[in-house]
Amino acid sequence: LKNNMLHVHSFTFNPFQENTYILYDQTKECIIIDPGCNNYNENTTLSSYITEMGLKPVRLINTHCHIDHVLGNDYVYRTYGLKPEFHRGEQPLLDSMDRVAKMYDVLMTPSPEALRYIEEGELIHFGYSVLETIFTPGHSPASLCLYSAQNGICIAGDVLFYGSIGRTDLPGGDYDTLINSIEQKLMKLPDETIVYPGHGESTTIGYERKTNPFL
């Protein structure tokens with residue numbers, strides 16, 4: 001549908017100030033990306049929005065499996081029956097959640113196992129919408145960005161930020177790999193593409209191309 005409008009709604013959750021996204025179109029089917037909700041209030045904030053908007057969650061996607069992006073996986077599973085989908089290269093991060101939570105002194109309930117693994121370049125369908133997955137390792141072993149050419153938006157996880165890039169000092173991170181992912185994959189997108197990152201405010205590809213000190 002050429003006039004399909006994709007809506008993006010964000011929440012900022014947990015001690016890491018992580019951005020959780022809900023994407024939906026006129027069918028009211030929605031996908032939940034990187035649920036970071038980690039207490040009663042945050043859980044309620046997420047589900048109240050879904051209820052108020054009359055949305056029907058159909059998929060749970062993790063751009064990557066660092067703890068701040070998966071803290072709400074269990075809540076989404078218990079509430080909507082959705083298991084996470086992510087790239088198989090992120091499984092070791094999910095497996096280490098318990099240890100990482102203790103390290104950061106964060107309360108968590110374990111994530112359900114993956115429903116399935118997303119392949120590089122796979123198309124994510126929901127409602128009338130389709131998102132292209134872009135394989136962008138570097139911040140983590142197998143991060144995915146989700147791109148809608150039709151709507152000019154990119155959900156970027158922790159790959160590219162407003163004026164910055166993802167950390168590469170965490171397990172599975174590599175600076176050269178990250179820069180290569182950004183330059184070879186994301187910088188090929190149109191300048192007007194809106195980038196919705198895993199932390200902080202949104203930006204555009206064109207703005208980062210011109211001003212990002214790392215690129």
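How many salt bridges does a search of the whole structure find? The search finds 9. The model is predicted. Let us walk through some of these pairs, then turn to the nonpolar cores.

Start in helix α3, residues 73–80. Here Arg78 forms a salt bridge with Asp74. Their closest N and O atoms are 2.7 Å apart. Both residues belong to this helix and sit 4 residues apart, about one turn. Is Arg78 buried or exposed? Arg78 is exposed, because its relative accessible area is 55% and the cut-off for exposed is over 50%. Asp74 has 13% relative accessibility and counts as buried, since buried means under 20%.

Next comes a pair from two loops. Lys83 forms a salt bridge with Glu113, and the closest N and O atoms are 3.8 Å apart. Lys83 lies in the loop between α3 and β5 (84–86). Glu113 lies in the loop between α5 (97–104) and β6 (116–117). The pair therefore ties together parts that are 30 residues apart in sequence. Lys83 counts as partly exposed, at 25% relative accessibility. Glu113 is exposed, with a relative accessible area of 57%.

Now look at Asp191 and Arg209. Their side chains meet in a salt bridge, 2.8 Å from N to O. Where do the two partners lie? Asp191 is in the loop between α6 (175–184) and β13 (194–197). Arg209 is in helix α7, residues 205–211. The pair links distant parts of the chain, 18 residues apart. Asp191 is partly exposed, with a relative accessible area of 36%. Arg209 is partly exposed too, at 37%.

Salt bridges can also share partners. In this way Arg59, Glu85, Arg116 and Glu122 are joined into one network.

The nonpolar cores are another. The largest nonpolar core has 17 residues. Among those with the most contacts inside this core are Leu23, Ile31, Ile61 and Leu146. Which elements give two or more residues to this core? They are the strands β2 (18–24), β3 (29–33), β7 (123–126), β8 (129–135), β9 (144–148) and β10 (153–157).

Take Leu146 as an example. Leave aside its neighbours within four places in sequence. Leu146 is then in contact with residues including Ile33, Ile61, Ile124, Leu131 and Ile155. Glu132 and Thr133 are also among its contacts.

Finally, find the second core. This core is separate and has 16 residues. Cys145, Ile182, Leu186 and Leu189 are among them.

Notes. Residues are numbered from 1 along each chain as its sequence is written. This is a predicted model: local features need pLDDT of at least 70, side-chain atom pairs count only at pLDDT 80 or more; totals for chains, interfaces and linings use all residues. Side-chain values use heavy atoms; hydrogens and water are left out. A salt bridge is a side-chain nitrogen of Lys or Arg within 4 Å of a carboxyl oxygen of Asp or Glu. Buried means under 20% relative accessible area, exposed over 50%, partly exposed in between (1.4 Å probe, protein chains only). A nonpolar core is a set of buried Ala, Val, Leu, Ile, Met, Phe, Trp, Tyr and Cys residues joined through side-chain atoms within 4.5 Å. Contact means heavy atoms within 4.5 Å.
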